[in-house]
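Hi,

Here is the structure I promised to pass on. Please have a look at it first, and then read my notes below.

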Amino acid sequence: MEAARHPQGPRLTALVGELPAQDDDFRTWWGGHHVAALNVGTKTLHHPIAAEPRTPSHDGLRLLASWAATHRQEQHQQ
């Protein structure tokens, strides 16, 4: 996806030029062009330290998730 956004980027061009020679999987994936862009979506993360149930971190993350859901609904209604 990054290559499609910035096809002339010198660092990316160099990396993509180097990887196929070093990795058979990359060569197959790159040659197949199986790239999907996701602009929206939900991702659930389970991190034992940052979101342990019944901790301030957990409560804060739940509050942020609730706010984000409400904010998205308001955006779609406008």
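How far apart in helix α3 are Arg 27 and Asp 24? They are three residues apart, which means that about one helical turn separates them. Their side chains meet in a salt bridge, at 2.0 Å from N to O, and the structure holds one such bridge (a side-chain nitrogen of Lys or Arg within 4 Å of a carboxyl oxygen of Asp or Glu). Asp 24 is exposed, with a relative accessible area of 53%, while Arg 27 is partly exposed at 40%. Here buried means under 20% relative accessible area, exposed means over 50%, and partly exposed is in between, using a 1.4 Å probe and protein chains only.

Before going on, a word on the source: this is a predicted model, in which local features need pLDDT of at least 70 and side-chain atom pairs count only at pLDDT 80 or more, whereas totals for chains, interfaces and linings use all residues. Residues are numbered from 1 along each chain as its sequence is written, and side-chain values use heavy atoms, with hydrogens and water left out.

Helix α3 covers residues 24–32 and also holds Phe 26 and Trp 30, four residues apart, so about one helical turn lies between them. They form a stacked aromatic pair, with 5.6 Å centre to centre and 15° between the planes. A search of the whole structure finds one aromatic pair (rings of Phe, Tyr and Trp, the last by its six-membered ring, with centres within 6.5 Å; planes under 30 degrees apart are stacked, over 60 edge-to-face, the rest tilted). Phe 26 is buried at 17% relative accessible area, but Trp 30 is partly exposed at 36%.

Now the whole chain. It has four helices and zero strands (DSSP runs numbered from the N terminus: H or I of at least four residues for helices, E of at least two for strands). Of its 78 residues, 5% are buried. The chain exposes about 7,500 Å², and carbon and sulfur atoms supply 58% of that (Shrake-Rupley method, 1.4 Å probe).

Finally, the largest pocket has a volume of about 510 Å³ (a pocket is an open set of points on a 1 Å grid where a 1.4 Å probe fits, with protein on both sides within 12 Å along at least five of seven lines; lining residues have an atom within 4 Å of a point). Among the 15 lining residues, Lys 43, Thr 44, Leu 45, Leu 61 and Ala 65 are the closest to its centre.

Best wishes

How values were computed. Points joined across faces, edges and corners; volume = space filled by probe spheres on them.
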